[in-house]
Amino acid sequence: MDQFNYLAVLISIILGLGITQLLGGVGRLLQGRRRVRVYWPSLAWVALLLIIDVQTWWTMFGLRQVRRWTFVEFLVVLLQPIVLYLLAALALPEATTDDTVDLRANYYGHSRWFFGLAVLLLVVSVVKDLTLSGRLPGPLNLSMHGLFALGWGGAAITRREGYHRWLVVYTTILMIGYIALLFVHLQ
């Protein structure tokens, strides 16, 4: 087993835990559906986080080309799935016994932390490239990071519902373009 395959195990475990957190939350909502006040942006962010988790796992394959690893480099790489897990933990409320689950209240109760972590995810992604290759991501990739950061940074500041609804559509379109332009093929 080479170094990357060894290190990829822990990366995959943490990404898998985040995906489990998201899918488990959806399962809890389905089980308690009579007690759930649905808020579509919450559910859309769950879907977006699932896509971001899979896209992250997909792009981590490119790290197999790194031949020598340091502990610091690995920690920086590991930060990305860790932040994704924390986002998953905030996306949906924990299970409750008899209480009504209000997805809107949960969304705005965590929105500052959620979008603050989302911006941190982008910073970690850029720092990861700097740490591993000594340079910033390519211009298109860096521009997309900037566009995500503008939207998510705004969401960390404002609680205006119209902005948050718009942001789901903005992020979805941007994510589709990001993947289509940069990550269609496994590299």
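A crossing of two helices counts as left-handed if the near helix is turned anticlockwise from the far one by less than a right angle, and as right-handed if clockwise. In this predicted model, the crossing of helix 2 and helix 4 is left-handed.

Helix 2 (residues 40-60) packs against helix 4 (residues 103-133) at an angle of about 30°, and their axes are 11 Å apart. Helix 2 is therefore roughly parallel to helix 4, because angles under 35 degrees fall in that class. On the side of helix 2, the contact is made by Pro41, Ser42, Leu43, Trp45, Leu49 and Ile52. Helix 4 contributes Leu103, Tyr107, Phe114, Phe115 and Leu121. By class, this contact of helix 2 with helix 4 has 10 nonpolar residues, one polar residue and no charged residues.

The count of aromatic pairs comes to 13. Two of the pairs are tabulated here.

| Pair | Geometry | Centre to centre | Angle between planes |
|---|---|---|---|
| Phe114 and Phe115 | edge-to-face | 4.9 Å | 80° |
| Tyr163 and Trp166 | tilted | 5.4 Å | 50° |

Phe114 is buried at 6% relative accessibility, and Phe115 is buried at 0%. Tyr163 and Trp166 are three residues apart in helix 6 (residues 161-182), so about one helical turn separates them. Tyr163 counts as buried at 17% relative accessibility, whereas Trp166, at 42%, counts as partly exposed.

Ring pairs also link a cluster made up of Tyr39, Trp45, Tyr107, Tyr108, Phe114, Phe115, Phe148, Trp152, Tyr178 and Phe183. Among its members, Trp45 of helix 2 and Tyr107, Phe114 and Phe115 of helix 4 also take part in the helix contact.

Conventions:
Residues are numbered from 1 along each chain as its sequence is written. This is a predicted model: local features need pLDDT of at least 70, side-chain atom pairs count only at pLDDT 80 or more; totals for chains, interfaces and linings use all residues. Side-chain values use heavy atoms; hydrogens and water are left out. Rings of Phe, Tyr and Trp (its six-membered ring) pair if their centres lie within 6.5 Å; planes under 30 degrees apart count as stacked, over 60 as edge-to-face and the rest as tilted. Buried means under 20% relative accessible area, exposed over 50%, partly exposed in between (1.4 Å probe, protein chains only). Helices (H or I, at least four residues) and strands (E, at least two) are DSSP runs, numbered from the N terminus. Axes are lines fitted to C-alpha atoms, for helices over the stretch in contact, and angles run from 0 to 180 degrees between N-to-C directions. Angles under 35 degrees count as roughly parallel, over 145 as roughly antiparallel, 65 to 115 as roughly perpendicular and the rest as oblique. Contact means heavy atoms within 4.5 Å. Ala, Val, Leu, Ile, Met, Phe, Trp, Tyr, Cys and Pro count as nonpolar, Asp, Glu, Lys and Arg as charged, and the others, Gly among them, as polar.
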